[in-house]
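Please look over the sequence and the structure before reading on.

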Amino acid sequence: MANRPDLKTLSVHAGEELDEEFGAIAPPLILASSFAVHPDAVGFSAYDYEDQAPYFYSRWSNPTVRRLERKLAALEGAGDGVCFASGMAAISGLLLHKLSAGDHLVLSNACYAAVAELAHDTLPRMGIEASAVDTSDLAAVEAALRPTTKLIYIETPCNPILRLADVQAIAALAKARGAELAVDSTIATPLGLQPIALGADYVVHSLTKYLCGHGDALGGVVLGAADKIDGLRKESLVHLGGLLGAFDAWLILRSLHSLPARMAAHQAGAAEVAAYLEAHPRIERVLYPGLASHPQHTLAKSQMSNASGLLAFTARDGAALARRLAERLEVFTYAVSLGKSKSLIFYIPTDDIQRTSFRLSEADLAAYRAWAGEGVFRVSVGLERAEDLIADLEKALAD
Ligand code: PLP
């Protein structure tokens, strides 16, 4: 990593060589489904598509999307990347590409809800077994490994409870046991965490969140070694078809120019809001990796270079407080998602996420409740002035 240009410079320049036709300083938006080719240059099937082949059909690759893939690969120090229509398309594409009937997956037992549902409901129908464990506990990860374990899939920090996993330690474990490690780094972003440098095989992002940052596009990416990404493109993108549209890619490409500046501002705002909430008598617990009170703050400090803008808190009578906040907040918006310029807040009751998504064992549910109580308010601190966010919360929390 020492010889790589700074992420600020890469965020602006990587993947953005000057447009040769017009010399435009912004990347061209190529809205073409297919491209004129010579019959000797490409075959008809993805299996015949060579790395250096010209653009052919936008489900394979598109020049605007390709620029985004190159920029993201540079930011993560990965060989290559392939973009998808959403974070879930990227995750399901990776899992379906890597896992076959008889294979075993180990994943975080607290993670983005749709990933838990995919692992509990969809993968078993294909003969793929999944074990959901607390990936903040290295011994639990190790105990879950089987000879058939092909992939360990972690989210750090995880949605919605901001629990961390030690990427370097889990990568070493995966390697020793002949498995691969994929890290969903959506919440950390490349500014906060560099999973490939820590030994991960794949990094996954929902581009919909910080990497887009403005709440106007959805997308996903998987990054890793170039040969592995090539196989993923051919199967999960070409055959399953969940491609990222060129316009969304262009929006995200442009947004990435400001990612380092935005993440610095998100982190600074979140630190102020977290400190305010931690001192508020109505709030029971605040979970933010940047706070000294976070149970894994030491790991956060050693593994992350930006604590991001997402925090969670617990409070008595969460459901009633959620209604009150939705009605009273004016700067925050009561909405799902995270990582946007606008601050968002959303309540996730433990009973609901347990029933619909996590389906934890009794012991794991007790551990989840010890961390997240009866539910967490997920707070995505945007780019507004922190004093305005705090004043908004103060007014809404007052009796
Ligand atoms: N991973 C994480 C950590 C997320 O928070 C989300 C969405 O909230 C996803 C993946 C899925 O991304 P998308 O909504 O772009 O499909």
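## Basis of the report

The model is predicted, and local features need pLDDT of at least 70, side-chain atom pairs count only at pLDDT 80 or more, while totals for chains, interfaces and linings use all residues. Residues are numbered from 1 along each chain as its sequence is written, and side-chain values use heavy atoms, with hydrogens and water left out.

## The ligand and its surroundings

There are 14 residues around the ligand, and Gly87, Asp184, Ser206, Thr208 and Lys209 come nearest; a residue is near a molecule if one of its heavy atoms lies within 4 Å of it. By class, this shell has four nonpolar, seven polar and three charged residues. In this classification Ala, Val, Leu, Ile, Met, Phe, Trp, Tyr, Cys and Pro count as nonpolar, Asp, Glu, Lys and Arg as charged, and the others, Gly among them, as polar. Helix α3 (residues 87-98) provides the largest share of the shell, three residues. Helices (H or I, at least four residues) and strands (E, at least two) are DSSP runs, numbered from the N terminus.

In the side chain of Asp184, an N or O atom is 2.6 Å from a nitrogen atom of the ligand. An oxygen atom of the ligand lies 2.8 Å from a backbone N or O atom of Gly87. The side chain of Lys209 has an N or O atom 2.8 Å from an oxygen atom of the ligand. On its own the ligand has 390 Å² of accessible area, of which the protein covers 92% (Shrake-Rupley method with a 1.4 Å probe; for residues, only the protein chains shown count as cover).

Where does the ligand sit? The ligand sits in the largest pocket, in the sense that more than half of its atoms lie within 2 Å of the grid points of that pocket. Pockets and cavities are found on a 1 Å grid over the protein atoms alone: a cavity is a set of points where a 1.4 Å probe fits but cannot get out, a pocket is an open set with protein on both sides within 12 Å along at least five of seven lines, and lining residues have an atom within 4 Å of a point. The largest pocket holds about 530 Å³ of space; grid points are joined across faces, edges and corners, and a volume is the space filled by probe spheres set on the points. Its lining comprises 29 residues, with Tyr112, Ala113, Asn159, Lys209 and Arg378 nearest the centre. Of the lining residues, 15 are nonpolar, nine polar and five charged. Helix α13 (350-358) gives the largest share, four residues, and α3 and β11 (344-349) each supply at least two.

The second largest pocket has a volume of about 330 Å³. It is lined by 14 residues, and Glu50, Asp51, Gln52, Ala53 and Arg66 are the closest to its centre. Helix α8 (residues 226-239) gives the most to this lining, with four residues. Six nonpolar, two polar and six charged residues make up the lining of the second largest pocket.

## The cavities

Two cavities of 30 Å³ or more are present in the structure. The largest cavity contains about 50 Å³ of space, and its lining includes Trp60, Cys83 and Arg233. Both α2 (63-76) and α8 give two or more residues to this lining.

The second largest cavity has a volume of about 30 Å³. Its lining divides into three nonpolar, three polar and two charged residues.

## Backbone features

Most residues other than glycine have a negative phi, and most peptide bonds are trans. A cis peptide bond links Thr156 to Pro157, with omega about -10 degrees. The bond from Asn159 to Pro160 is also cis, with omega near 5 degrees. Pro157 lies in the loop between β4 (149-155) and α6 (167-176), and Pro160 is found in the loop between β4 and α6 as well.

Ser308 is not a glycine, yet it has a positive phi of about 70 degrees. Ser308 belongs to the loop between α11 (297-303) and β9 (310-315).

How values were computed. Polar contact = N/O pair within 3.5 Å; in protein donor to acceptor, adjacent residues only side chain to side chain.
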